[in-house]
Every structure is written in C-alpha cells, then in structure tokens.
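Please study the sequence and the structure before reading the solutions.

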Amino acid sequence: TLHSILPSNLGLFNRVIAESGSILFSVDLDDTNALALTKQTARLLNCSNENVEETVKCLQNVSASTLMAMYFLAMPNDFTFLYSSSGELLNKSLFDDMTRNTSSVMRMFQSIDLLAGTNVGEAGMEFTDLTGYQKAWNFNVSQGIPDRVLCNIIIPTANKEYFKACDDVSAAVCHHFLQNLTTGASLREQTQVAMDVYSDLMMHFLTYKLLKLHADMTSKSTYQYIFAHTPTWELTQERPTWLKGPNHASELAFVFGLRDWYPSNVQPTPAEMELSHSMMRMWTNFAKTGLE
C-alpha cells in the first residue's frame with residue numbers, strides 16, 4: 001500500500017493486492033528511531049562497532065532467521081513500522097497529501113485497482129506483542145488476556161498512534177468494549193474481547209478505511225476479502241489456544257500454493273486444495289484484469 005501512494009510510481013503498474021496491513025497503520029519516518037533499532041540489533045548480535053562499515057559487514061554474515069529474531073527482540077513494545085529514507089521517496093507530506101484528492105499522492109492512488117483484506121485471527125500477533133508485559137502485569141498470555149491488560153496496554157497503545165494518547169479516549173474505548181461483559185466474566189470471555197479490539201484497531205479497521213478511501217474517489221476496482229479458514233498448518237507456529245480463526249499470514253500458503261508451502265509431512269485436505277485453487281484463480285484474474 002506504500003507503493004500505491006508514491007507519486008513516482010504513477011504509470012508503472014495498474015493494481016495492488018494488500019494482505020493483512022495498510023499504510024494507514026502507524027508509520028514512523030524518523031531515521032533516528034530506525035537507526036536506534038538497528039544499533040540495538042547489532043549489539044544483541046555482538047556486531048556493534050563505531051565503524052559503520054564494519055557493523056554492516058558483521059550483520060551481513062548473520063543468517064536471515066537470526067537477524068530477524070534479534071531485530072524483533074530489539075523492537076520496543078510500542079511497535080511502529082520504521083522506514084529509513086533520504087527523503088527522496090518517503091516524507092511526512094505523503095500522508096498529509098492523502099487528505100487532498102487533487103494531490104500527486106492521490107492521483108497515484110486513484111490510478112490503481114485495489115484488492116485488500118485481512119484474516120479472522122489477526123489477533124494471533126497479540127501473543128508476541130504482549131509477551132514482554134506478562135511479569136509486570138501478572139498474567140500468562142498463553143492462557144488468556146485479562147481486561148486490565150486490554151485497558152492498560154492494548155487500547156492506550158492504539159490510542160497513542162491514532163489519537164495522540166488522550167486518556168479520555170482510552171477510557172471511552174475501554175468502556176465501550178467492556179460494557180457487555182458481566183461482572184466476573186471468565187478469562188476466555190475477556191480474551192475474546194481483547195482479540196476483537198486488537199484485530200479491529202490494528203488490522204480490520206485500517207484495511208476497511210483504505211478500501212473506502214479508494215472506493216469513494218475512483219472508478220477503478222475495489223475489492224475486499226476476509227480469510228476465515230483455519231488451516232491444517234500455519235506459517236506462524238506459535239498459536240495460542242485461545243485464538244479463533246486463521247492466524248496472521250495464514251492465507252499466504254493458499255495464495256501461493258499449498259504444495260510449495262506446507263511441510264512434506266503435512267497433507268492438506270481436499271477442501272483446502274479447492275480453496276487454494278479458488279484463491280489463486282481470483283488473485284491472478286485480478287492481477288490480469290482488475291476483476292475477480
């Protein structure tokens with residue numbers, strides 16, 4: 001979706017497929033933050049060096065899996081996407097220009113067909129995001145997410161990104177989602193609410209907002225998908241028992257072919273093969289013509 005708004009991309013491609021994410025999610029264009037995260041990753045890998053070239057060489061000798069593991073370990077809990085840019089392509093005015101229909105950003109966005117969607121179980125990411133808070137808030141994320149964690153961590157974090165951390169907004173959102181929970185609600189019931197809030201605020205709402213923005217301003221095709229099948233095997237293996245529906249990224253195997261993605265010792269069901277074939281057909285038809 002970032003490429004769908006870059007003015008320099010105008011005319012280079014005709015359509016965009018965006019899966020489980022939107023440029024409307026919090027974006028940090030401050031190189032200082034990106035550099036700090038890189039330095040912390042280097043320290044965890046014993047690659048830290050005053051000489052930048054030596055640090056880069058050291059990082060290039062680390063396996064991709066180890067590098068990514070240390071990168072996410074170094075990432076702060078109030079995670080935002082970090083882009084590093086000289087300013088030639090990325091700058092904060094890009095997102096300001098998304099409010100003006102006549103801007104070069106919107107001319108690019110209006111020129112493409114858009115297919116975007118989410119998975120029912122996007123809250124599976126919450127399992128990783130909340131792990132670092134367990135000790136301080138006395139809970140086990142594998143067992144569930146109590147409402148105190150929802151109101152003191154999940155909602156304020158989203159609030160910080162969308163509403164400049166106004167405490168009244170956090171309190172109102174907390175009340176809205178918890179008002180139907182009865183006194184003494186079970187941990188399972190509290191967890192379900194936390195899942196719904198997380199999925200809506202971090203994924204579903206932002207994808208819907210992007211799609212609506214596109215549909216309202218262009219005659220180009222706008223499609224939304226929702227992936228609801230819980231697969232036999234999932235790319236994200238750390239799956240909490242409380243998660244319902246397909247985890248974040250679980251649709252990828254179906255889009256690109258189960259035989260190539262499923263491990264050799266896992267056999268997809270006939271229904272899964274049929275679903276995968278249908279998705280591949282719809283995705284490729286959209287890529288060719290902008291129609292499903």
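**Exercise 1.** Describe the contact between the side chains of arginine 15 and aspartate 113.

*Solution.* Arginine 15 and aspartate 113 join in a salt bridge, with N to O at 2.9 Å; the term requires a side-chain nitrogen of Lys or Arg within 4 Å of a carboxyl oxygen of Asp or Glu. The two residues lie 98 residues apart, arginine 15 in strand 1 (residues 15-19) and aspartate 113 in strand 4 (residues 113-119). Strands (E, at least two residues) and helices (H or I, at least four) are DSSP runs numbered from the N terminus. This is a predicted model, in which local features need pLDDT of at least 70, side-chain atom pairs count only at pLDDT 80 or more, and totals for chains, interfaces and linings use all residues. Residues are numbered from 1 along each chain as its sequence is written, and side-chain values use heavy atoms, leaving out hydrogens and water.

**Exercise 2.** Is aspartate 113 buried or exposed?

*Solution.* Buried means under 20% relative accessible area, exposed over 50%, and partly exposed in between (1.4 Å probe, protein chains only). At 6%, aspartate 113 is buried.

**Exercise 3.** Determine how lysine 212 and aspartate 216 are placed in helix 10.

*Solution.* They are four residues apart in helix 10 (residues 187-217), and therefore about one helical turn separates them. A salt bridge connects lysine 212 and aspartate 216, their closest N and O atoms being 2.7 Å apart. Lysine 212 is partly exposed at 41%, whereas aspartate 216 is exposed at 57%.
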